[in-house]
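Reader: I would like to learn how to read a structure of this kind. Please show it to me, and let us take it feature by feature.

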Amino acid sequence: MSETPVELRESKKRPAPASESSTFDDLKIQDDSILHKHSDRETCPDCKKSAMYFCYRCFKPSTISEGHIPQLELPIPMDVIKHEQELDGKSTAAHAAVIAPHNVKIYNWQSIPQYENPEEVLLLFPGHDAHTLEEIPKGSFKKFVVIDGTWKQASKIVRLSPQLQNVRKVTIAPRKTLFWRYQSLSENYLATIEAIYYLYREYAEAYEMNGKPYDGRYDNLLFYFRYFYNLIQSKYKKENKKYTHRQREGYIQYDDSVDAKVDENKSVDA
Ligand SMILES: [Zn+2]
């Protein structure tokens, strides 16, 4: 499981986005044909662990795809705190560290940094004391923190970590997840990379667009997520498999709206 619990109160000022679209067609995500060329795992030159698309330890793209993966500079750096039981290969937060290597750092729970000025840290977590970015003055914070784990794991980390006791909480508008790993809590519980993406998107909308519509500047955060999503869609369509109880009803779209140019034999875990 790898969803971040971002089930959030309705924002009074801003309704949930009209485009609750179930595909990525409206997003500006770089061409991912390089990912289709992967056929086997390779050994990471740095840590010697084996992985297909990118190394889950070093957060570096495979040698085949290096130079073809979007690289983003984010306006606010982010720390991801990972529960130790969260399997590396299942974590979608890793996508952000590969795509924004200068700005996203991943820590195990045991090694959360000590924040010198916790009031300048915004923790993405729901609650009565959480605010949306448009309610928070620009420049009043210098770091985002996101928890990667199940809802239960994440709650425990937030409750028990002294480093997180005096940080402020930020929340995002409710959105439906496209995550393929089913959890039974709510379709508004997003995969961690979806939550990260929407946080930066709301950052752009709150502070960077000057009243203009959002321009897609952070959409590449979903580069790997879209690829894996399409891979799964295609696999299920090809095999005409019925969705099991582990997946949400209606999740697979059988209408060919999703690009099916994927190799169905590939694993979704890098
Ligand atoms: Zn490595």
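Reader: How many of the 17 residues of α4 are buried?

Author: Some ground rules come before the count. This is a predicted model, in which local features need pLDDT of at least 70 and side-chain atom pairs count only at pLDDT 80 or more, while totals for chains, interfaces and linings use all residues. Residues are numbered from 1 along each chain as its sequence is written. Helices (H or I, at least four residues) and strands (E, at least two) are DSSP runs, numbered from the N terminus. A residue is buried if 20 or more other C-beta atoms lie within 10 Å of its own, exposed if 12 or fewer, and partly exposed in between, with C-beta atoms placed from the backbone. By that count, 13 of the 17 residues of α4 are buried, and the helix is mostly covered.

Reader: Which strands does α4 lie across?

Author: Contact here means C-beta atoms, placed from the backbone, within 7 Å. Axes are lines fitted to C-alpha atoms, for helices over the stretch in contact, and angles run from 0 to 180 degrees between N-to-C directions. Helix α4 lies across β4, β6 (121–124) and β8 (143–148), and runs at about 160° to β8.

Reader: In what order do the strands of the open sheet stand?

Author: Two strands pair if DSSP finds at least two bridges between them. The six strands follow the order β5-β4-β8-β6-β9-β7, with parallel pairing. At the edges are β5 (104–108) and β7 (130–131); each has a single partner strand, so one side of each lacks a neighbour in the sheet. Five bridges join β4 and β5 in the parallel sense, and Met78 is opposite Val104 in β5.

Reader: Which residues touch the most other members of the largest nonpolar core?

Author: A nonpolar core is a set of buried Ala, Val, Leu, Ile, Met, Phe, Trp, Tyr and Cys residues joined through C-beta atoms within 7 Å. Of the 62 residues in the largest one, these are Val146 and Ile196. Helix α5 (residues 223–239) gives this core its largest share, nine residues.

Reader: Is Asn210 buried or exposed?

Author: Asn210 is exposed, because 5 other C-beta atoms lie within 10 Å. This residue lies in the loop between α4 and α5, and its phi is near 50°, a positive value in a residue other than glycine.

Terms used
Contact = placed C-beta atoms within 7 Å.
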